[in-house]
Amino acid sequence: MPRLPHTTSAAGPTAAPGSSDASPDVRRRPRRRAALAAAAAGLAVLAVGTPVAYATLGAGSPSDARPATAARGTDYIETRLFFGTERPDGGPDVTDRQFLEFIDGEVTPRFPNGLTIQDGRGQWRDSNGVIERERSYELTLLYPASEARMRDPQIERIRDAYEKAYAQDSVARVEERTTADF
């Protein structure tokens, strides 16, 4: 078998691939370099990915940091209320006009800066275990998080007033912290 010539580089003498003249250290260099490159790439992924993962998870991260691209706006609370229109007592369904009058009398005075109403179709199990399907309304209220303590009793008054006025078993309430920019 013909012998391949040795070459010299800045890193020292090396043998051509497949040459039996190369020392064990020289033959392991490409593998070591590949292993070091793979380890460096893995560390880079962890270094970049960890803060992003923590930012996505939110609370509980080491620094409670936000994602690299911070959300615009300020902290708000989004409260959604779900109003059914069928009356369990057998009375007539709540009409659009009645609902808008309720909004004007009970909600707007407490939240004059704005609100959103959406028509919906809902389903839930009533207190007798019967699945009810009905036309419904979803009311969205958005207010600064700093006002949450003050707004809570106002929202509960709205829920109570609707339940009493239209003989409802309940008005569902969902809340989320968010950011908003106007």
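**A tour of the four-stranded sheet**

Start by selecting the open sheet of 4 strands, ordered β4-β5-β3-β6 with antiparallel pairing. Strands (E, at least two residues) and helices (H or I, at least four) are DSSP runs numbered from the N terminus, and two strands pair if DSSP finds at least two bridges between them. At the edges are β4 (116-125) and β6 (172-180), each pairing on one side only. Neighbouring strands are turned by 30 degrees against each other on average, direction ignored; axes are lines fitted to C-alpha atoms, for helices over the stretch in contact, and angles run from 0 to 180 degrees between N-to-C directions.

This is a predicted model: local features need pLDDT of at least 70, side-chain atom pairs count only at pLDDT 80 or more, and totals for chains, interfaces and linings use all residues. Residues are numbered from 1 along each chain as its sequence is written, and side-chain values use heavy atoms, leaving out hydrogens and water.

Next, select β4 with β5 (residues 131-144): they pair in the antiparallel sense over 10 bridges. Threonine 116 stands opposite threonine 140 in β5.

Finish with the largest nonpolar core, where Phe83, Phe102, Val107 and Tyr162 touch the most other members of the 20. Such a core is a set of buried (under 20% relative accessible area, 1.4 Å probe, protein chains only) Ala, Val, Leu, Ile, Met, Phe, Trp, Tyr and Cys residues joined through side-chain atoms within 4.5 Å. β3, α2, β5 and α3 each supply at least two of its residues.

Key:
Buried means under 20% relative accessible area, exposed over 50%, partly exposed in between (1.4 Å probe, protein chains only).
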